Amino acid sequence: MTSRLTSLSRSVAGKRVIVTGAASGMGRATAHLFADEGALVVVSDLGESRVQAVVDEIVGVHGPGSAIGVVADVGNHDALKSLVASALGTFGGLDVLINNAGVSTITSAFQDEDSFESNWATTLDVNLTAHARLIRLCRPALQDSGAGRIVNIASTEAIVTTAGLAAYAATKAGVVGLTKSFAVELGRHGITVNCVCPGPINTGMTAGIEDDAKTKYAHRHVPLRRYGDPEEVAHMTLSLCLPASSFVNGAIVPVDGGMTIRHT
Ligand code: NAD
């Protein structure tokens, strides 16, 4: 007997997915996880060889046609248009968009004007404007899908912040805001829009931090007393894209080992 519970599928097999920032860290883990679950993945990032390496890994396991690579700078509007055109040209449609690419730069009240202005502009372009543009560009195809899914990767910096990261914190809070607005707007068109806020995760972005410093930070701030792994974030992203998550919309989900609910 099929009940309502079991008829809500927990499979993304055959779903067509774009992942930005997919050559490293959480994006790479997400691309792998979706492919492992039978999805068709567009691996997008900067750098031909970095993108091709992840495509080769996925195709090596799941065969030709399971993934394609598209080199695209998400800060460039034309590159985003080409990215979406390539995805639609190859897979004939789109079911899932994962807005994951991001940069973390210093933006401080004390730094020199040129470096502040340059870092501020880049961070806004890559971490915030690109998300909105890609959502707009993917909207028609996600609507055609009938059950479109968008997951935006923000950060706990949207909730609690660090000195010297003004632009990063502002963009991540902005991603929370645009998630809510697009969720309200696109819900009636069968598209859900949700947001994941990772805490400290072992990726390329945090690779420059000494192990000792990571351990100290985690012991002081994270109830689970460690950095997270990219796969632990990828699983939450996947969960939000399951057909069974059809009523989750506009959610802001921390994946942070409890960091943001801790009373210091
Ligand atoms: P990462 O550096 O390993 O991966 C980020 C990827 O984004 C890189 O491959 C990079 O090339 C790509 N990217 C950067 N600028 C780009 C551009 N202009 N166009 C296309 N791609 C670009 O870092 P990560 O930690 O996996 O980052 C993924 C997301 O998670 C980011 O949005 C980041 O802000 C967010 N995040 C990271 C942490 C953490 O602790 N690592 C915590 C919270 C949120």
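A crossing of two helices is termed left-handed if the near helix is turned anticlockwise from the far one by less than a right angle, and right-handed if clockwise. By this criterion, α2 passes α8 in a right-handed crossing. The model is predicted, and local features need pLDDT of at least 70, side-chain atom pairs count only at pLDDT 80 or more, and totals for chains, interfaces and linings use all residues. Residues are numbered from 1 along each chain as its sequence is written, and side-chain values use heavy atoms, with hydrogens and water left out.

Helices are DSSP runs (H or I, at least four residues), numbered from the N terminus. Axes are lines fitted to C-alpha atoms over the stretch in contact, and angles run from 0 to 180 degrees between N-to-C directions. The axes of α2 and α8 (residues 230–241) come within 8 Å and cross at roughly 55°. The two helices α2 and α8 are therefore oblique to each other; angles under 35 degrees count as roughly parallel, over 145 as roughly antiparallel, 65 to 115 as roughly perpendicular and the rest as oblique.

For α4 (residues 77–91) and α5 (residues 113–145), the axes come within 10 Å at a crossing angle of roughly 30°. Helices α4 and α5 are therefore roughly parallel to each other, and their crossing is right-handed. Helix α5 also packs with α6, at an angle of about 15° and with the axes 8 Å apart. The pair α5 and α6 is therefore roughly parallel, again with a right-handed crossing.

A polar side-chain atom of Thr-203 lies 2.6 Å from an oxygen atom of the ligand, and one of Asp-73 lies 2.8 Å from a ligand nitrogen atom.

Technical notes. A polar contact is a pair of N or O atoms within 3.5 Å; within protein, one must be able to donate a hydrogen and the other to accept it, and residues adjacent in sequence count only if both atoms are side-chain atoms.
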